[in-house]
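Reader: I'd like a close look at one part of this model: the shell around the ligand, and then whatever it leads us to. Could you walk me through it in one go?

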Amino acid sequence: MRKLNDRLKKYLKKYNGKLYAEIRGYDHDALYVGRFEAMKKYIRPEAKTVLDIGAHFGEMSLEFAEIGKKVTAVEKSTSKISCLREYCRKHGNKFNVVHEDIFDYTQKHRDFDTVLALNIFHHFTRTEDGFKKLTVMLRRLRITDMFFLPATTEELTEEGSVVSTKNAFVEWVMSQSGMTKKILVGTFNKRNLYYFQR
Ligand SMILES: C[S@@+](CC[C@H](N)C(=O)[O-])C[C@H]1O[C@@H](n2cnc3c(N)ncnc32)[C@H](O)[C@@H]1O
């Protein structure tokens, strides 16, 4: 736990004492408090497999694993992956950790019930290449539902971005991934969290 503690301390110092979600056993603030509680209502019992895209320290992966889902947490960053692994280990290795670029990973694995796309897709809209890869991935994945938390309009439409408005982006992600139903789960840290279903 020492390494994780040290890393978290460093991270929290850099990001005003806040993580995305609650890391258990560690005293800190979170930006998206209560997200999982709100999502629970929409999690289908028959959905067995979950792909957590850009899992960060694994906060959401652990939550889904603990309600019996088979979770794959994909994280590209070398600096995050050791914390993610340690967090997973500390809580009984209940989910699978993959250190890989999500675009490479989904070339080989495309069948999941649920996708968690929380604060991640705007990373890919800043360049034409990223946007192209996102398009290919969304069309390729064979999923039945998705929790999607887009960035703010300002972040999504910052200079160089290929996205024009947040609403257009939400509709676009839905259509590319073959989803037809959209439900607003709640608003966290001024961002809407959506649940999409096929
Ligand atoms: C803003 S954080 C999202 C945190 C988390 N999903 C949440 O809100 O609960 C984005 C994470 O995605 C990771 N990431 C960025 N690009 C990625 C890629 N191509 N493949 C996998 N992970 C990536 C980053 O390293 C970072 O940990």
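**Around the ligand and outward**

Author: Let's begin with the elements that build the shell: helix 3 (59–66), strand 4 (70–75) and helix 5 each supply at least two residues of the shell around the ligand. Bear in mind that this is a predicted model. There are 18 residues around the ligand, and those that come nearest are G54, K76, S77, I102 and N119.

Setting aside neighbours within four places in sequence, T72 is in contact with L51, D52, N96 and V98. T72 also pairs up in space with S61: the two are 11 residues apart in sequence, and their C-alpha atoms are 7.5 Å apart.

Now on to helix 5 (102–108). The loop between this helix and strand 6 (114–118) holds D113. D113 is partly exposed, with 19 C-beta neighbours inside 10 Å. If we skip residues up to four places away in sequence, D113 touches A47, K48, T49, V50, I143 and T144. R142 sits 29 residues from D113 along the chain, with 7.8 Å between their C-alpha atoms.

Next, the nonpolar core. In soluble globular proteins, nonpolar side chains tend to be buried together. The largest nonpolar core here has 52 residues, and L116, A117 and F147 have the most contacts inside it. Take A117: beyond residues up to four places away in sequence, A117 touches I53, M146, F147 and F148.

Helix 5 comes up again with helix 6 (residues 128–140), as helix 5 and helix 8 (166–176) are among what covers the buried residues of helix 6. Which residues of helix 6 are buried? They are L134, M137 and L138. These cover an arc of only 95° around the axis, so they are on the same side of helix 6. An α-helix has 3.6 residues a turn, so residues three or four places apart point the same way. On the face of helix 6 turned away from its buried side you'll find the exposed residues E128, D129 and R139. As for length, helix 6 has 13 residues and reaches 18 Å from its first C-alpha to its last, close to the 18 Å expected at 1.5 Å a residue.

Helix 4 (residues 78–90) also has 13 residues; at 1.5 Å a residue it should span 18 Å, and its end C-alpha atoms are 19 Å apart, which agrees. Its buried residues include C83, L84, Y87 and C88. They cover an arc of only 135° around the axis, so they lie on the same side of helix 4. Just after helix 4, G92 takes a positive phi of about 85°.

Positive phi turns up in non-glycine residues too. N16 has phi near 55°, and its place is in the loop between helix 1 (2–14) and strand 1 (18–19). N16 is exposed, with 8 other C-beta atoms within 10 Å. K190 has phi near 65° and lies in the loop between strand 8 (181–188) and strand 9 (191–197). K190 is exposed as well, with 7 other C-beta atoms within 10 Å.

Conventions:
Residues numbered from 1 in each chain as written. Predicted model: local features only at pLDDT ≥ 70, side-chain atom pairs only at ≥ 80, totals over all residues. Helix = DSSP H or I, 4+ residues; strand = E, 2+ residues; numbered from the N terminus. Buried ≥ 20, exposed ≤ 12 C-beta atoms within 10 Å, placed from the backbone. Contact = placed C-beta atoms within 7 Å. Near = placed C-beta within 6 Å. Core = buried A, V, L, I, M, F, W, Y, C linked by C-beta atoms within 7 Å. Expected span 1.5 Å × (residues − 1). Arc of directions from axis to C-beta.
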